[in-house]
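Visitor: Hello! Could you walk me through a few backbone and packing details of this model?

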Amino acid sequence: MKERLRVPRRVGSCLLLMIAMGMTASGQTGPKPQKKFLSAPLLIEDQGSFFIGGVPKVTDFATLPPAPGAPGLAPNAVAGPPAASPAPHQITIGQMYVQYQVPARKGGTGWPVIMVHGSSHTAACLESTPDGREGWYPYFVRKGNSTYIVDQAGRGRSGFDESVIHEGQVKITNGDVKAGMELMPRFGRITDDGAWTNWFGHLVPPNSTILTGNLIRHGDPGEPDSASHPKPVFPTETQDPKLVSRAGAIGPTPGGPSGYFALEYYKQLVPNAEVTLPGSTCETCEPKLLSPANTWTPQNLALLVEQLGGAIVATHSQSGIMGHHMARILKEKGRLDLLKGLVTIEGSCSLPNSGLTAADFDKIPYLALKGDYTETSPVCQETVNAINVRRASKLGTAKADYVKLDEMGILGVTHMMMLDAKNLQIADVILNWVNRNVPRVTSKTDVATRQAAPQPAAVGASR
């Protein structure tokens, strides 16, 4: 009689558990992977982030005591007025967040590229598109360019100065309403429907609101005849179903179609909190009084260009004039030679506003660029023409162009062209222009990876 093989009960239980787990695992596909937005694997040598610029500010209004009835107070406790026990604290304001990647395989001109977003946005608009495709930031790196993106000073990860709001609140609470209201910053931002009507389509009928009218896309039936356009290549079909259903929405429901109020893109929009920072004056500028936006980000961009030992700067929309102010600051420091090229994408090209002249671009390649939903800018055309008048007189050597994508046959391109379906085609237009017109690095030093700390510089005046 054969002896039966005895399996210890504990071992048998483990075997059964393992078999069960194997059977369960074989019937599952595992976690659903996140959609890959890179067009291909990207090999980088380095990446990171840091802050640049900023100044210390000592204020009694960095924080406020809790208001009456706030969590943490005893049920019958009554907090004093916000200014009852002011105490000085130091905060840092005006600093700028910088994120960068350095490719393992260098290409292009060898100079790093700095990209600056526009109003109501952060650097997120340069990372990837709302429908999950590769953005300009990784694409420029893929093409061999060390690339730096920033959150404007006072915006996004750069933070803002909350103390001015607290100070205004204290004055109002203590009865000085006029002085308190004067301190209260007036935040600007573009609304969801404002972005739609500025860049993607219309609100009809005329003089309606989102509660009484409807959004229609460029090129769709019902578009006003006087504003006929091709359909935008912006991914308006990329919508959040939860936003479409308006689950948890606050306020009344706008008119339809509901999907146009639910674009993934709208999640990128933020307030222009740089208004909490102080402004400054520029004696050579017209006008001389500079807004906070044109004070801090240009100063920080100039510091970044210096830190990198030279760079190409590409601005968009609101930051167009900031790029010009940055050039002025470099000029004032005697370091204008470090600006290797300036690209202004649908932004202001004004030389007088920023205290510059056409002669300042004798050795700096200058590109203004627009899509086909934006009218030709007389100011940008005047600036390019003024630079080229000097070229015709044998003054200066750098190229100046005003490139109009619609005249190139690239149609349907919106103001947010870095997020459009044709975003990488447009990136190639910029890169090809830069590679043709910006002189290449001649030094063996890889300036794109240099991280010498810039000298701090005071900007503006404390409030």
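Guide: Gladly! Keep in mind that this is a predicted model. Let us start with glutamate 346, which sits in the loop between β12 and β13.

Visitor: What is the phi of glutamate 346 near, and is the residue buried or exposed?

Guide: Glutamate 346 is not a glycine, yet its phi is positive, near 45°. Buried means under 20% relative accessible area. Glutamate 346 has 12% relative accessibility, so it counts as buried.

Visitor: And asparagine 207, is that residue buried or exposed?

Guide: Asparagine 207 belongs to the loop between β7 and β8, and it too is a non-glycine residue with a positive phi, about 70°. The cut-off for exposed is over 50%. Because its relative accessibility is 83%, asparagine 207 counts as exposed.

Visitor: What is omega near for the bond from glutamate 286 to proline 287?

Guide: Proline 287 lies in the loop between β9 (280-281) and β10 (289-290). Its bond from glutamate 286 is cis, with omega near 0°.

Visitor: How far apart are the end C-alpha atoms of helix α10?

Guide: Helix α10 has 15 residues, 423-437, and at 1.5 Å a residue they should span 21 Å. The model agrees, since the end C-alpha atoms are apart by 21 Å.

Visitor: Which elements do the buried residues of α10 pack against?

Guide: The buried residues of α10 include Ile426, Leu431 and Trp433. The partners of the buried residues are α2 (136-142), β11 (311-316), β12 (339-345), β13 (366-370) and β14 (400-404).

How values were computed
Residues are numbered from 1 along each chain as its sequence is written. This is a predicted model: local features need pLDDT of at least 70, side-chain atom pairs count only at pLDDT 80 or more; totals for chains, interfaces and linings use all residues. Side-chain values use heavy atoms; hydrogens and water are left out. Helices (H or I, at least four residues) and strands (E, at least two) are DSSP runs, numbered from the N terminus. The expected span of a helix is 1.5 Å times one less than its number of residues. Buried means under 20% relative accessible area, exposed over 50%, partly exposed in between (1.4 Å probe, protein chains only). Contact means heavy atoms within 4.5 Å.
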